[in-house]
Amino acid sequence: MKDRKKRSGFVPWGSFFRCTLLLLFFSGFTLSTFRLFFRAERFRPRLVSTWRMPPMKVIAGVSPSTPPITIQETVIFPDQALIYLKYPSSTLLFTKDDIDCIYLLPNSSEPQIKLSPVSVDGQYSDHQTVRCPRQPRDTIVSLAVKSNGNLLPGPTTLRWDSLAYEAIIDRDNTTVVFVKGLSLRSGRVSDPSKFKCLYGWDLRKPKFVLWSEVVSVAQEIVRCKTPLSILNSPQRFNTSIKVSIRVVGRQTLKSIARPKVRLPDPRPLYKKQHEMCICTMLRNQARFLPEWIVYHSRIGVQRWFLYDNNSDDDIEDVVESLVGANYNVTRHVWPWIKTQEAGFAHCALRARDSCEWVGFIDVDEFFHLPLGLSLYNVVRNQSRPVGFIDVDEFFHLPLGLSLYNVVRNQSRPSEVAELRVSCHSFGPSGLKKVPVKGVTVGYTCRLAVWERHKSIMRPEALNSSLINMVHHFHLQAGFRYANMDRNVLVINHYKYQVWEVFKEKFYRRVATYVSDWQQERNVGSKDRTPGLGTKAVEPPDWSTRFCEVEDTGLRDRVLKTFTDPKTGRLPWQHLSNEH
């Protein structure tokens, strides 16, 4: 974010007071709920640091009564610290040039090390996330304002692997909570009676906590029954309330999850804004986005949801240029590691109101239609009847009706809600450098055997548990999946690219239930690459591996369809050169 932005907004206390009285009258609150709301004026949880902070100094021209910018939470990851900044209304947001990451010894205010932030993001109106480099051992990370050297006050730190980190209030008024630390099995629904949901400002204090039932729990997603007091209270009031999960007989998970309301789509349910959308999760693949998005837009994709998993390659600038070129692309900051399944479920909920179908693929995967069809029409026909007649046969409507209206009135929504598309895995194809014209043109040699599948699904048919295995989802009763004809639709997966690109896969695998390649665990997994160990060391023959079938189908279509006849260049080459 290059510029600092202003925001404003205030809910009058009188309106909040009247809403609270009505809630108390109609909902029959318990004594603990009464305390939670009625004592809100007196109850101000104080965040206590584990080290002594110097007092905040008054900045010239700023009233001493102005609430300070504070560190709301700090989450420690294996290779970085994620710091949430809380802003008062009408305050300018920081940029990377405004702050430093400071590393201190416990109980000390003297900085030991000062480093620049990796990134500063501000996708919400009242807070920012700052990513700081990995902190040295036995130090505590904080932030300092460059203009005056003041340390920002903040709370104790939290661990990333035992945390409720995100929450959405779904259209059925349940709260969907995304958590780490439950250690549940993949693809299985667990017993909800063994878990409890709790809401409050300070989850450590029972008298300020509301308890509710768990509706479902599976993998790392818990669906809670949202208390009426949470649903009916003003949104500004709700921004301070957290939700977390307790396993019966164990401690409550720490939480930074504040439920965000999902507003219902005002358009009719039978008409979505987009027929075909795509969700993906990525890290440091900004340079490949122009080709991936421009290509898929030409075959029928209308909307892209990018879940940015800690990129540091100026992806914001690339997304900005794509949006400026009229591509409907949004970037969602998703810093949570080993959470691809949860991220895809989160994206499905976001896409449900506007997208009829959503494809879940990676940036190195391209839908290919060997017969030259449009992806838009392929998915559109899945929910509409198709007639098959010979050339000497004619439909006749004696009453003068329209055949379109006849089939439209007789048809029902298709029970097919997921299309499973087989994947071809391509190798380096003899290359040792990134192909100039893109992966679809450069990589033309692949393995003969199909590897796995990826899915296009209707989010309206998603099972309420949100279970998915990255490659496919669990569906509601009454819906089923269909395997796509490989002559109609396949995926070209440019999985084994030149070593410069491929070695990034050793950094970390994004899926929850997949081991990182640097670990001596599950070495026989299909996720691993045959012939490679746990070190990112390039084999001498890497450029010629994984080459069994020469396949130029997509390359030929791209060169024929996309090449500019005047310049001989492809459209994504122009977008890529801007960066």
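**Aromatic pairs and salt bridges in the predicted model**

Glu 460 is partly exposed, with a relative accessible area of 28%; a residue is termed buried under 20% relative accessible area, exposed over 50% and partly exposed in between (1.4 Å probe, protein chains only). The model is predicted, so that local features require pLDDT of at least 70 and side-chain atom pairs count only at pLDDT 80 or more, whereas totals for chains, interfaces and linings use all residues. Residues are numbered from 1 along each chain as its sequence is written, and side-chain values use heavy atoms, with hydrogens and water left out.

Glu 460 takes part in a salt bridge with Arg 171, in which the closest N and O atoms are 3.0 Å apart. A salt bridge is defined here as a side-chain nitrogen of Lys or Arg within 4 Å of a carboxyl oxygen of Asp or Glu, and by this rule the count comes to 27 salt bridges. The partners Arg 171, in the loop between β9 and β10 (174-180), and Glu 460, in the loop between β26 (453-457) and β27 (480-483), are 289 residues apart, and the pair links distant parts of the chain. Helices (H or I, at least four residues) and strands (E, at least two) are DSSP runs, numbered from the N terminus. Arg 171 is partly exposed, at 37% relative accessibility.

Glu 460 also forms a salt bridge with Lys 272, with 2.9 Å between the closest N and O atoms. Lys 272 lies in the loop between β18 (260-261) and β19 (274-282) and Glu 460 in the loop between β26 and β27, so this pair ties together parts that are 188 residues apart in sequence. Lys 272 is buried, its relative accessible area being 8%. Elsewhere, salt bridges that share partners join Asp 121, Asp 308, Glu 316 and Arg 331 into one network. A further salt bridge connects Lys 180 with Glu 220, the closest N and O atoms being 3.1 Å apart. Lys 180 belongs to strand β10 and Glu 220 to the loop between β14 (214-218) and β15 (221-225), 40 residues apart; both residues are buried.

A search of the whole structure for aromatic pairs finds 23. Rings of Phe, Tyr and Trp (its six-membered ring) pair if their centres lie within 6.5 Å, and planes under 30 degrees apart count as stacked, over 60 as edge-to-face and the rest as tilted. One of these pairs, Tyr 165 with Trp 334, is edge-to-face, at 5.8 Å centre to centre and 80° between the planes. Tyr 165 lies in strand β9 (residues 163-169) and Trp 334 in the loop between β21 (329-333) and α7 (340-351), 169 residues apart. Tyr 165 is buried, with a relative accessible area of 2%, and Trp 334 is likewise buried, at 0%. The rings of Phe 426 and Tyr 494 have centres 5.0 Å apart and planes at 45°, so this pair is tilted. Both Phe 426 and Tyr 494 are buried. Ring pairs also link Phe 77, Trp 160, Tyr 165, Phe 178, Tyr 307, Trp 334 and Trp 336 into a cluster.

Charged side chains are also placed over aromatic rings, under the criterion that NZ of Lys or CZ of Arg is within 6 Å of the ring centre and within 35 degrees of the ring normal. Arg 420 lies over the face of Tyr 481, at 3.6 Å from the ring centre.
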